[in-house]
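Work through the exercises below with the structure open. Each task is followed by its solution.

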Amino acid sequence: MSSASVASEWQLLYNRYYRKPEIYQMRWSRMDLRRHRVAAAPFGGPIAAIRDDSKIVQLLAESARRRLLLFTSSGEPIASAAWDKPGGRLVGMSWTDNLNLVCVVQDGTVYRFDVRAEAVGAPFNMGKECFEEGVSECVFWGGGLACLTEGFKVFCVADLEAPRPVKLADPGLTEYPLCLAVIEPQYTMSGNVEVLLGAADGGVVMVEEEGVQRAGEGAVVGPLQRMAVSRNGKLLASYTHDGKLQVLSTDFSRVIFEYDCEADENLRLIRSSLPEAVEACIDAAGHEFDDSRQITLLRAASYGQAFCSQFQRDRIQEMCKTLRVLNAVRNPEIGIPLSIQQYKLLTAPVLIGRLINSHQHLVALRISEYLNLNQEVVVMHWACAKITNSLAIPDADLLAILLDKLKLCKGISYAAVAAHADSSGRRKLAAMLVDHEPLSSKQVPLLLSIGEEDMALTKAIESGDTDLVYLVLFHIWQKKPPLEFFGMIQAKPLARDLFIAYARYHKREFLKDFFLSSGQLQDVALLLLKESWELDRNPMATRGTPLHGPRIKLIEQAQNLFSDTKEHAFEAKACEEHAKLLRLQHELEVSTKQPIFVGTSVSDTIRTCIVLGNHRAAMKVRSEFKVPEKRWYWLKVFALSTIRDWDALEKFSKEKRPPVGYRPFIDVCIDADEKAEAVKYIQKLPDAEEKAECYARIGMAKEAAEAAAQAKDKELFNRLKLMFPQNAAAATIFDTLRDRLSFQAIS
């Protein structure tokens with residue numbers, strides 16, 4: 001090699017010569033670094049690469065799944081692993097000093113891998129604010145990392161082996177910084193991490209845990225586009241907005257040197273119209289069909305954008321996303337050569353619909369996923385098409401294929417797919433599909449439509465939704481014979497109880513059939529009794545012959561049903577007595593021509609007969625229903641007092657010694673304010689104390705005192721005296737007799 005060629009490899013930078021020799025011809029194949037994020041470990045360590053999801057990639061050009069690839073420095077593959085980590089896009093990755101690969105995703109989650117692409121420890125998160133605001137950029141050093149959120153907050157972890165995220169002081173930025181770098185803790189005066197942010201308005205903001213300070217006011221010229229700290233932490237290299245490479249001390253006390261870079265002469269010529277030029281490159285890339293030219297134009301726009309501080313940061317990203325979709329559908333296998341104007345007019349959802357209709361489901365799904373559109377439409381159409389075109393595949397095998405894809409969409413309607421299967425003549429497959437539908441409101445009606453009534457009833461009961469249970473009950477009720485319907489609900493308590501609750505008010509005859517079919521005779525009898533009670537409110541129920549009146553017939557039917565069960569002998573006897581009473585009452589109403597008997601009790605019937613003077617009828621009722629003698633006396637006493645027939649009452653008291661005593665006679669007379677009549681019966685009281693109290697009740701103090709004296713009870717005198725609080729004469733009588741009683745006792 002000639003000395004001239006050797007010398008040409010070296011380039012002068014400030015006062016040093018540098019060269020970049022090629023060490024290896026990389027041994028990887030089909031590796032386009034332009035489409036990947038790459039992290040090379042220091043000291044000749046491994047290289048990590050993962051496809052950059054912000055770059056244009058033809059969907060059919062390579063696998064849709066991203067993979068983490070690890071190589072030696074010569075490009076020899078070491079290991080690979082599927083990249084399916086949640087948390088959003090990959091923000092940054094780097095190797096630590098102990099050769100652990102650190103990857104940070106958008107929600108602040110940090111993953112670590114060893115050189116075999118195996119996870120190291122559990123992932124951790126940079127904190128709640130990072131999760132909420134999202135990480136936009138991060139920078140690494142030997143054993144730690146610092147990250148910047150979309151809300152301009154700075155967080156750092158000083159030791160990745162024992163991660164403890166720390167929030168640094170608020171930098172107070174209103175615009176996104178153009179670049180950032182880190183001075184490691186061992187090179188700072190405070191011993192803490194210092195993060196340098198290149199502010200958009202020029203200068204540098206130095207952020208640490210304790211505070212924030214502006215730096216480089218006199219040394220830094222204009223906004224910095226890139227920054228890098230030397231390994232010893234003493235020097236800071238920066239690339240300025242006007243194309244100068246500037247090296248300063250990290251305390252910004254002096255400028256080491258400035259170097260005017262030669263890759264921007266053209267930019268200087270068009271600086272005034274640079275934003276328009278960048279926009280023109282982006283627009284031209286959108287109108288270009290050749291992907292290599294698209295890349296060239298977008299690279300030019302990206303390069304120019306670095307010198308336009310006010311240019312929209314996401315403009316290129318949006319165009320890349322659009323071109324990625326267009327290039328995918330322009331592929332000859334798809335054959336939809338849309339221009340960008342046509343795409344904007346057509347809109348992405350319509351394009352996806354066209355892909356679906358042409359059965360390009362995979363591309364449609366990938367585009368939907370990439371554009372954050374609803375994937376359910378694609379998966380649903382694919383599932384229905386798969387069912388239609390897979391008649392030769394057994395139901396169980398086809399179900400497994402469908403479920404593998406349907407689970408991609410959490411809210412997808414399995415019921416809708418099952419409905420399509422049913423309409424395609426695959427009812428068994430439909431039943432298996434609908435079993436996976438999480439929404440009972442969709443699941444149950446479909447089960448009914450495919451004839452799976454029993455399963456529909458089970459699912460409705462499991463849902464706890466009574467409206468759904470009633471829906472199934474009414475469907476089966478109309479469709480099945482009664483006995484089959486009864487059999488279906490008998491073993492399901494909730495369905496049975498809901499049916500009974502409804503039929504008890506709206507379908508009572510049908511409910512009787514249900515109870516009879518299950519041998520619940522007592523329940524049928526209770527229904528009949530309820531009907532008889534309802535007839536009691538209807539005045540028409542008392543018309544007709546006593547043996548064939550509507551109420552009597554219902555009660556007799558209930559009696560017969562109760563008689564068929566040994567456990568309900570009392571109820572049967574009660575129904576018999578009730579029917580007999582109604583017949584007798586009906587006869588009384590016919591004979592007296594007064595509708596006042598039916599529906600009353602035995603006691604009321606007797607009392608009414610006596611009041612009406614029909615003593616023969618009263619005796620008949622007493623005899624028919626074996627009314628006890630004491631009860632008979634009470635009823636007759638009160639009935640005679642009601643009509644104030646005191647002669648009849650006295651005659652009744654003399655028939656024989658009353659089994660209830662004379663107290664009822666006294667009470668009714670006193671209540672009717674007939675003191676003279678009451679005295680007749682008080683005189684007959686055998687008990688002196690009771691006689692004294694009754695005299696006192698009608699105000700006869702002397703007679704009460706004399707009776708009390710017969711009882712020889714001093715306490716009785718005191719009680720009786722209290723019954724005459726305003727009567728001094730009565731009090732004197734009680735005191736005199738009480739004192740006399742006391743004197744006799746002493747003697």
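This is a predicted model: local features need pLDDT of at least 70, side-chain atom pairs count only at pLDDT 80 or more; totals for chains, interfaces and linings use all residues.

**Exercise 1.** Describe how α9 packs against helix α8.

Solution. Start with the positions: α8 spans residues 348-357 and α9 spans residues 361-370. Their axes come within 8 Å and cross at roughly 160°. That angle makes α8 roughly antiparallel to α9. The handedness of the α8 and α9 crossing is left-handed.

**Exercise 2.** Repeat the analysis for helices α25 and α26.

Solution. Helix α25 is made of residues 629-642, and helix α26 of residues 646-654. Their axes cross at roughly 160° and come within 8 Å. The pair is therefore roughly antiparallel. As for handedness, α25 and α26 cross in a left-handed way.

**Exercise 3.** Which residues form a nonpolar surface patch with Leu-12, and is Leu-12 buried, partly exposed or exposed?

Solution. The patch consists of Trp-10, Leu-12 and Tyr-17, which together have about 330 Å² of accessible area. Leu-12 lies in strand β1, residues 11-13. The relative accessibility of Leu-12 is 42%. Buried means under 20% and exposed over 50%, so Leu-12 counts as partly exposed.

Methods. Residues are numbered from 1 along each chain as its sequence is written. Side-chain values use heavy atoms; hydrogens and water are left out. Patches are made of residues with over 30% relative accessible area and no salt bridge: like charges are joined within 9 Å, nonpolar side chains (Val, Leu, Ile, Met, Phe, Trp, Tyr) within 5 Å. Accessible areas come from the Shrake-Rupley method with a 1.4 Å probe; for residues, only the protein chains shown count as cover. A salt bridge is a side-chain nitrogen of Lys or Arg within 4 Å of a carboxyl oxygen of Asp or Glu. Helices (H or I, at least four residues) and strands (E, at least two) are DSSP runs, numbered from the N terminus. Buried means under 20% relative accessible area, exposed over 50%, partly exposed in between (1.4 Å probe, protein chains only). Axes are lines fitted to C-alpha atoms, for helices over the stretch in contact, and angles run from 0 to 180 degrees between N-to-C directions. Angles under 35 degrees count as roughly parallel, over 145 as roughly antiparallel, 65 to 115 as roughly perpendicular and the rest as oblique. A crossing is left-handed if the near helix is turned anticlockwise from the far one by less than a right angle, and right-handed if clockwise.
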